[in-house]
There are 2 protein chains.
Amino acid sequence: MDKKQENPRCIEVCLTPKLFTEIQTRNNYIVVLVDILRATTSICAAFENGVKSILPVATLEEAKAMKVKGFLVASEQDGRKLDFADFGNSAFNFSREAIGGKTLVYCTTNGTRAIEIAKKAEKIAMGAFINLTALTRWLINEDKNIVILCSGWKNKFCLEDTIFAGALADRLMETSQFETYCDSTAAAIDLWHIASPDILGYIEKAAHRHRLKKLGLDDVIPYSFRIDSTQVVPVFMNGEISDEQFKNKKYIR
Amino acid sequence: MDKKQENPRCIEVCLTPKLFTEIQTRNNYIVVLVDILRATTSICAAFENGVKSILPVATLEEAKAMKVKGFLVASEQDGRKLDFADFGNSAFNFSREAIGGKTLVYCTTNGTRAIEIAKKAEKIAMGAFINLTALTRWLINEDKNIVILCSGWKNKFCLEDTIFAGALADRLMETSQFETYCDSTAAAIDLWHIASPDILGYIEKAAHRHRLKKLGLDDVIPYSFRIDSTQVVPVFMNGEISDEQFKNKKYIR
């Protein structure tokens, strides 16, 4: 473990977008947006399969307008694909054949609204179990404070986003470059420690999982909790999401 | 364990007052207000020491006006007693000599504002570790749905209120009269299970505890986490808090 730094960076966890106005980290921070089921997992999956960039939109009206302009559009409501859209928001829709090299417009009930809320941050990175290690490394290199913003479900706390926040905070704290005075961070780390030996078993009790199950959409759940299946780090800046990992490393697929 | 009921009652945990508008339990519910450090613990302590009733007020202006009218007033800001008040809000202020048989006006930064927010509930009961068992029994008898409302700290999530919510929800769920589809409840119960073997050790990491420590006010902390030191169940109805336990049982001190 590294020596404790003199000026450690802060970690703060925001359990739902509605609590974002209460965060105490105001300067020099990156927001990590978390919507495990599904926006941030699906966005990571799209970059893994070669999407060029993603334009997040917050409303159905914007999504429809972009469809008319000729963009590929992913949009669903309460877990179901909308008629006008090319895709729902499930990670499994984004095959390399369908999206490789293209720009995708992405509209969700939770995730994109959270991007709107977090726009004051210097950058907004997409966090998911499937890019946990790549994201952790990227965050360490960025040298900023970090606010982990859980999308939750209709402004409510949700378990799956919180245990991811705990997993990420736990890894960052291990580097001794960070400190936290935030009870939400402590709670998220504790919940992660309970969940980590059997994540799928733990998440059985999550209310959102029960909602997806009712809709017959729970096929993506094992995928969504598989740690490190991709190295992408999708980051929102200037209205679009692109893969920072790809840019920095000049990685050729 | 009792047989699972056909129409179980709901438990929902609200992690901060700011999330109260998102609760899904809308009918036939009691709110359990939780502000372990300090309002609800102190209110229980005041009833344990014979206060007749408590009038909660949400603003300093109201508290000052009631002082002018001749009431005893407890009021503090950020953990410090205000000059015009008779008491701060610490449980240790409320000796039987000072408050026995009297009416007390109580103003706090967190607790009383949460009462304002929860006014649509049929009743608002005060929850604290010091009245956990008495409160649990009373709630079981009341036969209503239950929303446990954590006061938090300046609208933020706090650990001490959440682990109390978990302790209470855990006891209620054990009766098999209740069900929950709320991720906050599941998380609170899990955090309680981590905390319960050594509550004071666990709460060391709570940010609010560090704030009280800075102010030299942490003498009430062991008292605030001592389970079942009183049998009172203070309940807010029609603008005042009185002891339901005392009323129901015609208990003479």
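Predicted model: local features only at pLDDT ≥ 70, side-chain atom pairs only at ≥ 80, totals over all residues.
1. In chain B, helix α5 spans residues 132–142, and its buried residues include B:Leu135, B:Thr136, B:Trp138 and B:Leu139. These residues lie on the same side of α5(B), because the arc they cover around the axis is only 165°. As background, residues three or four places apart in an α-helix point the same way, because there are 3.6 residues a turn.

2. How are the two chains related? A rotation of 180°, with 0.0 Å of shift along its axis, superposes chain B on chain A, and the RMSD is 0.0 Å. This is the relation of a two-fold axis. The copies meet through the same surface, because 100% of the interface residues of chain B are also interface residues in chain A.

3. The contact is made by 24 residues from chain B and 24 residues from chain A. On the side of chain B that touches chain A, α6 (159–174) and α7 (183–195) each supply at least two residues. The largest share of that side is the seven residues from α7(B). By type, the side of chain B that touches chain A has 13 nonpolar, four polar and seven charged residues.

4. Helix α7(B) can be checked for its span. Its 13 residues should span 18 Å at 1.5 Å a residue, and this agrees with its end C-alpha atoms, which are 18 Å apart. The helix is mostly covered, with 11 of 13 residues buried. Among the buried residues of α7(B) are B:Asp183, B:Asp190, B:Leu191 and B:Trp192.

5. Which residues have the most contacts inside the largest nonpolar core? They are Ile148 and Leu149 of chain A, and Ile148 and Leu149 of chain B, in a core of 169 residues. Setting aside residues up to four places away in sequence, B:Ile148 touches B:Val13, B:Cys14, B:Val32, B:Val34, B:Gly127, B:Ala165, B:Leu168 and B:Ala169. In soluble globular proteins generally, nonpolar side chains tend to be buried together.

6. B:Leu104 belongs to strand β6, residues 103–107 of chain B. Is B:Leu104 buried or exposed? B:Leu104 is buried, because 25 other C-beta atoms lie within 10 Å, where 20 or more is the cut-off. Apart from neighbours within four places in sequence, its contacts are B:Ala46, B:Val51, B:Ile54, B:Leu72, B:Ala74 and B:Ile99. B:Ile43 is 61 residues from B:Leu104 along the chain, yet their C-alpha atoms are separated by 9.8 Å.

7. Some backbone angles deserve a second look. Most peptide bonds are trans, and most residues other than glycine have a negative phi. In chain A, the bond from A:Leu37 to A:Arg38 is cis, with omega near 25°. A:Arg38 sits in the loop between β2 (29–34) and α1 (39–48) of chain A. In chain B, the bond that joins B:Leu37 and B:Arg38 is also cis, with omega about 25°, and B:Arg38 lies in the loop between β2 and α1 of chain B.

8. A:Asn28 is not a glycine but has a positive phi near 55°, and its place is in the loop between β1 (9–14) and β2 of chain A. A:Asn28 counts as exposed, because it has 12 C-beta neighbours inside 10 Å. For B:Asn28, phi is positive at about 55°, and the residue lies in the loop between β1 and β2 of chain B. B:Asn28 is exposed, with 12 other C-beta atoms within 10 Å.

Methods. Residues numbered from 1 in each chain as written. Chains lettered and ligands numbered in written order. Least-squares fit on C-alpha atoms with pLDDT ≥ 70 in both. Contact = placed C-beta atoms within 7 Å. Core = buried A, V, L, I, M, F, W, Y, C linked by C-beta atoms within 7 Å. Helix = DSSP H or I, 4+ residues; strand = E, 2+ residues; numbered from the N terminus. Nonpolar A, V, L, I, M, F, W, Y, C, P; charged D, E, K, R; others polar. Expected span 1.5 Å × (residues − 1). Arc of directions from axis to C-beta.
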